[in-house]
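Hello,

Here is the structure I promised to pass on to you. Have a look at it first, and my notes follow below.

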Amino acid sequence: MDRAEIDARIRGLIEPFNKKGISVGDDTTFAGDLEFDSLTVMDFVAAIEDEFDIIISMNQQAEIENYGQLVDAVCKLQGD
Amino acid sequence: MTDLFSKFDPLIQQREALLASGVEDPFNLVMEKVLSPTRAICNGRETILLGTYNYMGMTFDPDVIQAGKDALDNFGAGTTGSRVLNGTYQGHKECEEALKDFYGMDHAMVFSTGYQANLGIISTIAGKDDYIVLDIDSHASIWDGCSLGNAQIVPFKHNDIDAMGKRLRRIPEGAGKLVVLEGVYSMLGDIAPLKDMIAVARKYDAMVLVDEAHSMGFIGPNGRGVAEEQGVLDQVDFVIGTFSKSVGTVGGFCVSNHPKFEIMRLVCRPYVFTASLPPSVVATAATSIRKLMHGGAKRAHLWENSRTLHGGLKALGFELGTGEPQSAIIAVIMPDLERGAAMWEALLKEGLYVNLARPPATPANMTLLRCSLCAEHSAEQVQTILGMFERAGKAVGIV
Ligand SMILES: Cc1ncc(COP(=O)(O)O)c(C=O)c1O
């Protein structure tokens, strides 16, 4: 799967969590722009993990602040 | 100079706003006198205690108190040292023997608190490339144990067997795995489906740690907890517990059948780098633990109290954390923090103390009035409590 396809899939997954319909770009932050609280983060991460059959540990999540970083992390985890 | 305290401003403001509405400070209650396990003078009023973890009422047990007094006389007020240096007395060994007998396990290690037991065991056994898979609603001491160590932390949705299994399945081959569960989750008083969860953990070759802080002494045929109740205690590698609840004093422990368990005493920093419990505390704990082995009648009465309170509150129209009583904790769900605090205060004025719990300690941002029952609450007291809830609930407009 290339980055564009992963990006497209994550965009689909983020939609139900993007309550205010914010337009999402690589530098959109989860805590700041999307206002994700810890429960939303857990559900969103679980959705991504299930879609790509990967684990994103909390240690890895701590490094992911914005959308672009998430797509990069999923690309990397997919490659592993 | 940047004031390092400015990060607390939102909390300071929230607290000030709450107190400005005139309610008594829910987090600043003083018990001037403790009359029994179930009654105290709080902020000047005689109050029924329904928010302690004194499930088995052992705090005033005459044998327990006598053991503490004798230890004070014979061994002094404190050990002034670590367990691994000058802080292991006869009493600490006797306390560990009592725990081994209570759980029927080969090893027992006593810590200064249950918080430190979780902190120490979790951070020490799960190393850098290991994975800890834990319930998202885990107690703060479990989360802090995860933070103190270097393992990869993977949470799953509360009590969700499937979500846990999926995460275990995806862990890279060869990595060490520790699954951390609780018997009773103390915010809502619900129990875990340990039998099924542990079967899944075993399938993926994970070691299993279960925190049984809120079940000791009254859940399971011998009061060993939810894992015993569900017939899977032999599948648990590490049981964490505390003396601060049913045992009625303070302290924490881990019991295990792991053949190499004793090495923990040398490598577990929250065990090594702190002073051991005072002789009087371990003496009261050991006496209490041995008495809890024979607490059948008290246990039955505690369950009866739990069922009566749960059924009564439900009939009054309160929303409760569990459909059926699953433990000695009954959580009453409040619409918001303001009305929760108002209800808490109305109950206190009626002469009833319950725990006000609010985010971030609670799941799903709930405000809860947590009621915890004691085997020493009489049937009449439980009826009195229900009357207090009815009057307070109507006054505040919750029922
Ligand atoms: C589930 C759980 N584990 C551990 C602890 C810590 O116990 P202690 O009070 O002995 O530090 C508590 C109590 O707050 C608890 O609820």
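**Around the ligand**

The ligand has 14 residues around it, and those that come nearest are Gly114(B), Asp211(B), His214(B), Thr242(B) and Lys245(B) (a residue is near if one of its heavy atoms lies within 4 Å of the molecule). Please keep in mind that this is a predicted model, in which local features need pLDDT of at least 70 and side-chain atom pairs count only at pLDDT 80 or more, while totals for chains, interfaces and linings use all residues. Residues are numbered from 1 along each chain as its sequence is written, chains are lettered from A and ligands numbered from 1 in the order in which they are written, and side-chain values use heavy atoms, with hydrogens and water left out.

By class, this shell has 2 nonpolar, 9 polar and 3 charged residues (Ala, Val, Leu, Ile, Met, Phe, Trp, Tyr, Cys and Pro count as nonpolar, Asp, Glu, Lys and Arg as charged, and the others, Gly among them, as polar). Helix 4 (residues 114–125) of chain B gives the largest share, 3 residues (helices are DSSP runs of H or I with at least four residues, strands are runs of E with at least two, and both are numbered from the N terminus).

Which side chains make polar contacts (pairs of N or O atoms within 3.5 Å) with the ligand? An N or O atom in the side chain of Asp211(B) is 2.6 Å from a nitrogen atom of the ligand. His139(B) has a polar side-chain atom 3.2 Å from a ligand oxygen atom, and a polar side-chain atom of Lys245(B) also lies 3.2 Å from an oxygen atom of the ligand. Taken alone, the ligand exposes 390 Å², and the protein buries 85% of that (areas by the Shrake-Rupley method with a 1.4 Å probe).

**A pocket and a cavity**

The second largest pocket holds about 240 Å³ of space. (On a 1 Å grid over the protein atoms alone, a pocket is an open set of points with protein on both sides within 12 Å along at least five of seven lines; a cavity is a set where a 1.4 Å probe fits but cannot get out; lining residues have an atom within 4 Å of a point.) Its lining has 15 residues, with Thr52(B), Tyr53(B), Asn54(B), Thr59(B) and Ser244(B) nearest the centre. Why does this pocket lie between domain 1 and domain 2 of chain B? Domain 1 (16–56 + 295–396) and domain 2 (61–292) both give residues to its lining, so it lies between them.

There is 1 cavity of 30 Å³ or more, and the largest cavity has a volume of about 50 Å³. Among the residues lining this cavity are Arg83(B), His92(B) and Phe111(B).

**Two backbone details**

A cis peptide bond, with omega about 5°, joins Pro359(B) and Pro360(B). Thr80(B) has a positive phi, near 50°, and is found in the loop between helix 2 (62–75) and helix 3 (90–103) of chain B.

Best wishes

Technical notes: A polar contact is a pair of N or O atoms within 3.5 Å; within protein, one must be able to donate a hydrogen and the other to accept it, and residues adjacent in sequence count only if both atoms are side-chain atoms. Grid points are joined across faces, edges and corners, and a volume is the space filled by probe spheres set on the points. Domain bounds come from an automatic or database domain assignment.
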